[in-house]
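Please have a look at it before I go on.

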Amino acid sequence: MRKFTYLVPKTLDEAISLYQSYGERAKYIAGGTDVLVKIKEGKLAPDYLISLKHIISQDRPFLNHETGELYVGAFVTHRMIETSPLVQAHYPILYDAVKNIGSVQIRNVATIGGNLVNAVPSADGAIPLITLDGKANIYGAKGQRSVDLLRFFLGPGQCDLERGEILTEVVVPRLLPRTGSAYIKHGRREAMELPMLGVGVLLSLEADMETCAKAGISLGVAAPTPIRALQAEKHLVGKTINEETLAEAGKIAGEESKVRDSIRGVAWYRREMVAVLVTRMGMKALERASRNAEVGMGNK
Amino acid sequence: MHNFCSVGKRVPKIDAVEKATGRAQYIQDLKLPGMLYGKILYSKFPHARIVSIDTSKAKQLPGVRCVLTAEDIPDIKMGVYKDNRPLKKGKVCSYRDEVAAVAAVDPETADEALNGVEVIYEPLPAIFDPEQAMKEGATLIHEEHKTNVLRMPWKLHYGDVDAAKKEAAHIVEDRFTTTWVTHCCMGASGSIAEFDPANNLKIYSNTQIPSLAQKDFLDALTAMGLKGNRVRVIKPVIGGGFGSKLDTYAYEYIAILLAYHTRRPVKVEFDRTEEFIATSTRQPTITYISQGCDQNGKLLFRDINMILDNGAYTSWGATTPSVMMMPITSLYRVPNVRYEAKCVYTNNTYAQAMRGYGNPQATFAIESTMDMLAEKAGIDPIEFRRINANKPGDVSTQGLRITTCGLEECMDAVKEKLEWEKPKGESEGVGLASLIHVGGGARVYKSDGCGTIIKMNDFGKIDLFTGATDMGQGSDTVIAQIVAEELGLQIEDIHVIHTDTDICPWDVGSHASRTTFVAGNAALGAAKKIKARLLELGAKQLEAPLEKIALRDRHIQHQDDSEKRIEIGKLLRKAHFSHGGQMLMAEYFYDPANENMGKDFRGNMSMTYTFGTHGVKVKVDEETGKVKILNYVAAHDVGKAINPMLLEGQVYGGVMMGLGYALTEQVILEKGENMNPNFRDYKILTAKDVVPIEAPVLETYDKDGPFGAKGIGEPGCVPTAPAIANAIYDAVGVRIKDLPITPERVLAAIREKKGLDLCGQELGRDDVDECIIEE
Ligand SMILES: Cc1cc2nc3c(=O)[nH]c(=O)nc-3n(C[C@H](O)[C@H](O)[C@H](O)COP(=O)(O)OP(=O)(O)OC[C@H]3O[C@@H](n4cnc5c(N)ncnc54)[C@H](O)[C@@H]3O)c2cc1C
């Protein structure tokens, strides 16, 4: 493995100025579970690694009680998200996703920010956050800006970050009442597995507890970037949610996907699984929404 | 039964703490003074002429001590078929072909030097499908060989299969395929070679055949003009073998050659990518099989034609048909058997021995068709197998002499533990498959022997030198248990040394599930000699008749008078420190009375055979094609469990390896190129995938085994795939004939059965959307 210098800034500004001094020869590193693999494989050869892990910041997801927004700092590890009671109770789609990333060892160091910036179509962390309409807060030499997380992904391995910019957090807007959500990673084994397909579904219901007020359907590994299946979502809004309507939505989502053959799975199978898993996750989301309503949890 | 002190006990492996605490020294941990690092440049094409190699840039790099190509080395022929060379001359025949090697002061410099080696290739037409490669006029992998079919005529015909076919009431006929899978040893390959000033070679290497490796390296020295010089093979702690270390490999010769040229120790160590790309796989097979039975379900014949993808070179793995003959002729009673196998050169990676040595591939076809035949005959799969079960005293058509045989008991255990007859839930099913495997050594070489030397010190402790190889399976522990039992000592009194050919006796290798049986018998033989001497000394000391004294608890004692006893150490000191003093040492070489195969492949290749039955309950997700294992029972007749804990470990590990083989694992080769040389995409199962496994052990006390034991190293992974395939059929009525049984294959089969296309549309309807299958 190539040798590099490891730099440990304590603030965002320090990190950015380090990046500016070294430019192309530098690379940010958070948990390193993507960066180091790439360096070992010879796909990256930075002379400087600028660590983001020592920047003082929130180390766990938290709720802004006034706005009802969820804040997930970019340097938060998957394990922190997984073990957050807040996430477990109210954002099960995120919990479903992070709890199956890699292994405990990986989740202890790997960050959600790294997962998003790495921007692979299979990023398990991305699907729930785009389903939740997350926004990416970005900080750089020119200051702060914010983009829809969905627009953040530009292509395989490409995201909307200018040179030296740092993703600082993802903000999830207040959930509608009577909301349930679920995510599934479809793979071949139980751990250390990149998804062959990732499917997230979020449903918000009307007071009748069966009519769909809002739907979010997101797919991983179904296109060059994580995507929302907008037509499928549209199909559900205003309809009664049941196995039938979900299956219709699933079929539409399958048609919206741009699945391909790869060594990890064949296109026809992936497309078929979109239909099956959208239905299943939809049913799970429905059940969770009902359960939340019963115990009066939901979101304020 | 005998009341044992050490044998039959759940003793943890004697090196468990050392390994768990990271103190065990693997090849990766070893570093010799002045050591250089060797790296290998592999081919960029599956088949190409080497037009030129320019090493000048690499040689000029500071820190580089040596760059070698085929031009710089003598003609060292490798492998059973002698068709492979450490560095390839003239042309490359697969992506893993070694083209050049460098030695440098550190691994980074060596890597950089590789980048500086310029090779110009002229690509040749390549061939990746063995059935294509067999055709007249196909591109030849090795022109001088004239054909791509190896000249190893694996062919037998006992009885009269054609006549039996006419008689049969029910016949099934089908085609089964298996693919490349790899051993995935946690300890990657590596070796360090070093020459002394007189050009004697010392090589540290991960090998499961130290004595045969020593011979291979002696041949290499001869080719290098060093005939008569010594070779000492030292094994570091080995992190898994599974057959992968049954040959010597190019990287070992490269380490030797680099060390010779640089006069320094040279280490070649594989990284994980290299381990995937440049070590060998299990043989992929294409099997055409038919089996038939009479009205009552009695098997009449078995007819098998098999094609093995040998890859570009030949390892011991090409002799796996010899072991496949065992299940083919002798799993169940079959009066008429025909078998022909062809190993075929292709431009794929070359295959090698892997746990089961062909048996899993053969058993997949046999046991899948056994179920198909049972269904045709209208007989329950277990009953059908019972009708045909092997029994003690049987001699099969091939001449295998079945001594102990607990096959029916294994089936009973599976039937009971799996609740075979209990009604199943929706999409659930049960399936089973059995196995026969060599359990008393296997004569695949001129000798099937193993030597042991025991020396006792003044304190009643033993140093035991064995030819066996402990590569993680725990043979050191089992040998210590056997010797402790025989001599009334504690396990910790026995220090087992197996690591060094300078001091350890000969052994043919840790393969064929033979080590407990053969090395165990060798150790027992030596221990018996020691015991006789101890008893003699003890009888004199205690003034008691020989037949009245026994060894127990580190003492020699009178059987009727427990007061009359003496500590073994004390007795030894008395013997040592007296006039005409003596110390106890003994050697024993055990070569089982098994037979080489004769001209027609008849012969009792093993002293005894291990039997087993695996049963599995599955639930198939009919929408996704995923197969969930609800319960797994692996029952084996092991003769006697010397160490039930290690035995269960072998079975659990075997079953998980078998599950991977059945469901998830595949080295994906695209036009000969390995597309998944990492654990991300090579789907070996993880700790989280472990399924509930019960491993009932049946003890039949084999008279030839040490304390009745038979071999159990390989069986655990042999019948897993067909058991699962049979259970899937029971659950959803589709028969998968190709491994691995992926969800895609299961779903496609379910849809086909329902008359739908892959996308769930009815076949033949054109008013529905087209089923788009993208490239
Ligand atoms: C064994 C193993 C298993 C894995 N399993 C999974 C899995 O199941 N699912 C999955 O989705 N992924 C998986 N991964 C991939 C990886 O762990 C995740 O993508 C992880 O979240 C990356 O986070 P990190 O902190 O380690 O990123 P790093 O490797 O540190 O960084 C990744 C990239 O993001 C950049 N970067 C990091 N943080 C920021 C930031 N805040 N602002 C700007 N740039 C930044 C880095 O420069 C780099 O380009 C696995 C990886 C391994 C090695």
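When I speak of a polar contact, I mean a pair of N or O atoms within 3.5 Å. Please keep in mind throughout that this is a predicted model.

With that cut-off in hand, consider the ligand, where a backbone N or O atom of A:Leu167 lies 2.9 Å from a nitrogen atom of the ligand, while a backbone N or O atom of A:Gly32 lies 2.7 Å from one of the ligand's oxygen atoms. A polar backbone atom of A:Glu193 is likewise 3.1 Å from an oxygen atom of the ligand. On its own the ligand would expose 980 Å², and the protein buries 90% of that.

The shell around the ligand comprises 34 residues, of which A:Tyr28, A:Ala30, A:Gly31, A:Thr33 and A:Thr111 come nearest.

Let me now move to the two chains. Here 31 residues of chain A are in contact with 35 residues of chain B, and the area buried between them is about 2700 Å², with carbon and sulfur atoms giving 49% of it. On the chain A side, A:Arg188, A:Arg189 and A:Trp268 lose the most area to chain B, together 28% of what that side buries.

Finally, there are 6 salt bridges between chain A and chain B, including one in which the side chains of A:Arg188 and B:Glu744 meet at 2.8 Å, N to O.

Key
Residues are numbered from 1 along each chain as its sequence is written. Chains are lettered from A and ligands numbered from 1 in the order in which they are written. This is a predicted model: local features need pLDDT of at least 70, side-chain atom pairs count only at pLDDT 80 or more; totals for chains, interfaces and linings use all residues. Side-chain values use heavy atoms; hydrogens and water are left out. A residue is near a molecule or strand if one of its heavy atoms lies within 4 Å of it. A polar contact is a pair of N or O atoms within 3.5 Å; within protein, one must be able to donate a hydrogen and the other to accept it, and residues adjacent in sequence count only if both atoms are side-chain atoms. Accessible areas come from the Shrake-Rupley method with a 1.4 Å probe; for residues, only the protein chains shown count as cover. Contact means heavy atoms within 4.5 Å. Buried area is the accessible area (1.4 Å probe) that two parts lose on being put together, summed over both. A salt bridge is a side-chain nitrogen of Lys or Arg within 4 Å of a carboxyl oxygen of Asp or Glu.
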